[in-house]
Amino acid sequence: MERMSEIRNGLRVCLFIWMAFHLLSGCTETEVVDEPHLPKGGKEIQAVFNLNVLANRDSQTRNIAFMADGTIDTDSIPLIRKDTAMTKAANPLPEAEESRIAQLWIGQYDADGNWIFNQYFPIVTGTKVDVRLIDSGGTFHHVWFVANASDLGKIDTEAALKKRVLTYSSNETGLPENQLCGMTGMWSGIVDEGGVESINVDLTRLVAKISFAYLIGGTDFSFTPTSVTLNSVPDKCQIEAPANQLTADVIYKTYIGTAGSGGATMYWYLPENMAGTVSGENAVDAEKKKTGQGVTNATYIELTGQAIQSGVTYENVTFRFYPGSGMNNYDIVRNSHYTMNVTLVGIDITDERITVGTIPPVDIGGLSVMPAGIGGTTELQITARPGQQWKIGLPDWLSALINGETEAALGSSITYQGPAKLLFKAGAANPQAERRSFTFPLNITGEEQTVEIIQEGSTLESGSDISLGAASSSESNSTFIATKGLSWRAVLSDGSWLDWADTNPATGNDAATGESQNLVVKATTSNPYARERSAKIMVEAGASVGSADYHDLQKEILILQAGSTVQGSSMDVNPEAASNQTSSFVVTSGLEWIASVTNGDWITLSGVTSGNPTTGETQNITFNISVNPSSSPRSGEITVRAGDTTEGPSGKITVNQKASSFTVDKTEIELEDTATSGSVKITGTAGLPWTVSPSVETSGITPGTTSEMANGSAQTLTFNATENSGGAREATFTVAVTGGNHSKTIKVKQKTGLPSITLTIDQSILTSYRKITTDMAKFPPFDYDGSNKLPNGSSFDGSATMTGSYTIQIEKGQGTDKVDYATTQNYCSSLAEDGLSGWRIPTQIELHAMYINKAKIEGATGVSPFISGSYWSSSVYSNTRCRVSFVSGVFNGPISAGTFYVRCVRDLTVVVEKTIREKHDN
């Protein structure tokens, strides 16, 4: 318990201690007591009070339904509701909090209204309070109770207490800042020495409560709230309820609620606002006229948002509600509960509580262009206020449907009041490709508007070009699409080979369907050309039908008849000659045709070569072929032309003849040296003529026949030879097909009549020689006794390459003794083996040839073997002779003296013509 500000005497101390002790039974915290004013003879008396918080007075519950055709005030909300959206101000104080006494100030005043005593309890529990009052001396005193308003301190007079103004504040949800309601109450009675016990005191809340709920629903109506506010809320209240509004330093505030898109319920607590009751000229006779006329700073609820009704969007639409207790009363009375349940189903523009920030003009920009065809529509929203009259006169091609119910016929007039949806409908298609329009004036917002109803220009679309087959009676189709309701016709540009097909639906009509329509044509003749030929369909619609001037609704459809064709063929034939061969062709039906050979003189036509008409099916050509004389296949062509002789189609029949064959079983024959003959087998495709050349005797050899005709089987060609008493001989013959490219070469050889121990010196021997030595100067291969001559008498310049060859005969026997070179010369020059002369010493290359063919020579009948040792050669190097070892085959260095072996040789034929190559690089 806080101590009293000052203790002036012992009586006051005793009184304080006594009061503190006794008051502990009713309060749990320290009370604050100002010094009591003790009347003469007065004393403290115990008093016990039971505090009772009066229930809220339900001043008025109002249920309002705003509808397009009028506002309804009922006792219940119509069953057109959505789920309530809870907002942050959706919940009131709990009932216990509304009635809770948390702090208490008590003041006692005498019958004259003078202050006697006051006490403050910072914390109060329960509803019973013990207090020590001052004896009233048998007169009535007033005891005042002020709850939840903090410590009022000492207030000198009761009159001042009643006029005491308290400041009120709320939180953002509209509830009291301290979550408590201020309350007042007063007890009047005699405080005597017997005490005051269990006296009931009624407390009245200093604030009123407003419950506001709204729902949004209805057909063809929507409302999107942007704000909800409680306006003109005073921030002051008075201990005693005033008869009128407080004036001293009162600030009127606005409480902001949270608007829900489907609805909301919210609660506000506020001080009383005794705005008053209007009368006289400001009095109204209906709730819809209650607009605050005649009062100032009256508390009201305002719901603002966007409304859409019958397609018209109204911006900044505001619903304003003054709670009050009747249509002319604007008071907000303390401890009263005002309930307002609002359902928004539509806007009654005559309801004066509703204001519309903007009445939109007719939205011409939202007016769509009407389609060109009959039955096309466009919709227009007339945004007039309810009751506002307007009029439209329609043209003869336009009708209208009003609000989906009332129809205005073509060319009629429309007179209507208020907003409406007009559905304009075209009673006829636009006959031209350009737009047409109808305009009329409207004055909705005070400014005249010109509304234009536009019908789109009609269209004519042609389909793809028509392709006809080349043959007569070929049919095909195209399409066109004309705006629905247009008249139309189609005309062919060519009648010589074209007509409408029997299946063509129509060539004209008074009303197009607006969808794809068929046009079917047929060819009356086959196309005689290889190229396409063309015609046209002219399609006209609307104002272009038959018009010489207006062509905007005309389209051409190109008709192309395919060029006729000749489809040839290809066939393979054998190389032999053949008659009555057959191949085929196919020509577009209905045309004349003729055939001729255009490539290949080996093809001749037989049978029918022309005709009329073609059938479009396979037809045959008969022809003969001759034998193919070539080793390559060959092709020929038969051309078939149809229709026009110069521009008609043509096709080719290709005849592929296989290559003929011509073979010889062998290309070389070797005959003995005696008079004899030999043969080859020749096989050729039957019918091939062949010849032999030369056809006369060559080198003693003569062909048995000079020409033949191949029969497909093997034929014998014989070659006859006379006896050969000299060296080997040969002849070459060519067997060729007449007129073709077959050619075979046959070489006929006849053996020599001379001894058989011979060697031929050619390039292969020289190449082997060079493997032994590359020093052609030191070991000259052909140098014969220093003459520097080849066996044919030509000079040898040391080149490493030779052309041609020559043959030597080798001595069968030989001397067994080593001799010097001179003896060797005499021996060979006097040798007459086999009765033959002309023997000589071999050259170095001839010795090398004998060494590498040693086994062959020694293997011949009657031939003596070589002796192991070195042999003289006639090749000279610096007046010395070269040698060859018949032990190892190596070349021994040139020597001028000494004894060595010798084996003589004799020239048989010399065919070395010349030596051509570069000199040896050594």
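Biologist: What volume does the largest cavity have?

Modeller: This is a predicted model, in which local features need pLDDT of at least 70, side-chain atom pairs count only at pLDDT 80 or more, and totals for chains, interfaces and linings use all residues. Residues are numbered from 1 along each chain as its sequence is written, and side-chain values use heavy atoms, with hydrogens and water left out. A cavity is a set of points, on a 1 Å grid over the protein atoms alone, where a 1.4 Å probe fits but cannot get out; grid points are joined across faces, edges and corners, and a volume is the space filled by probe spheres set on the points. Two cavities of 30 Å³ or more are counted by this rule, and the largest has a volume of about 70 Å³.

Biologist: How do the lining residues of the largest cavity divide into nonpolar, polar and charged?

Modeller: Lining residues have an atom within 4 Å of a point, and among them are Pro234, Lys236, Asn244, Glu272 and Met274. Ala, Val, Leu, Ile, Met, Phe, Trp, Tyr, Cys and Pro count as nonpolar, Asp, Glu, Lys and Arg as charged, and the others, Gly among them, as polar. The lining comprises six nonpolar, three polar and two charged residues.

Biologist: Which residues does glutamate 647 touch, not counting residues up to four places away in sequence?

Modeller: Glutamate 647 belongs to the loop between strand 45 (634-642) and strand 46 (650-657), where strands are DSSP runs (E, at least two residues) numbered from the N terminus. Glutamate 647 and alanine 530 lie 117 residues apart in sequence, yet their C-alpha atoms are 6.2 Å apart in space. With contact taken as heavy atoms within 4.5 Å, glutamate 647 touches Pro528, Tyr529, Ala530 and Arg531.

Biologist: Is glutamate 647 buried, exposed or partly exposed?

Modeller: Buried means under 20% relative accessible area, exposed over 50%, and partly exposed in between (1.4 Å probe, protein chains only). The relative accessible area of glutamate 647 is 39%, and this residue is therefore partly exposed.

Notes: Helix = DSSP H or I, 4+ residues; strand = E, 2+ residues; numbered from the N terminus. 1 Å grid on protein atoms, 1.4 Å probe; cavity = no way out; pocket = protein on both sides within 12 Å on 5 of 7 lines; lining within 4 Å.
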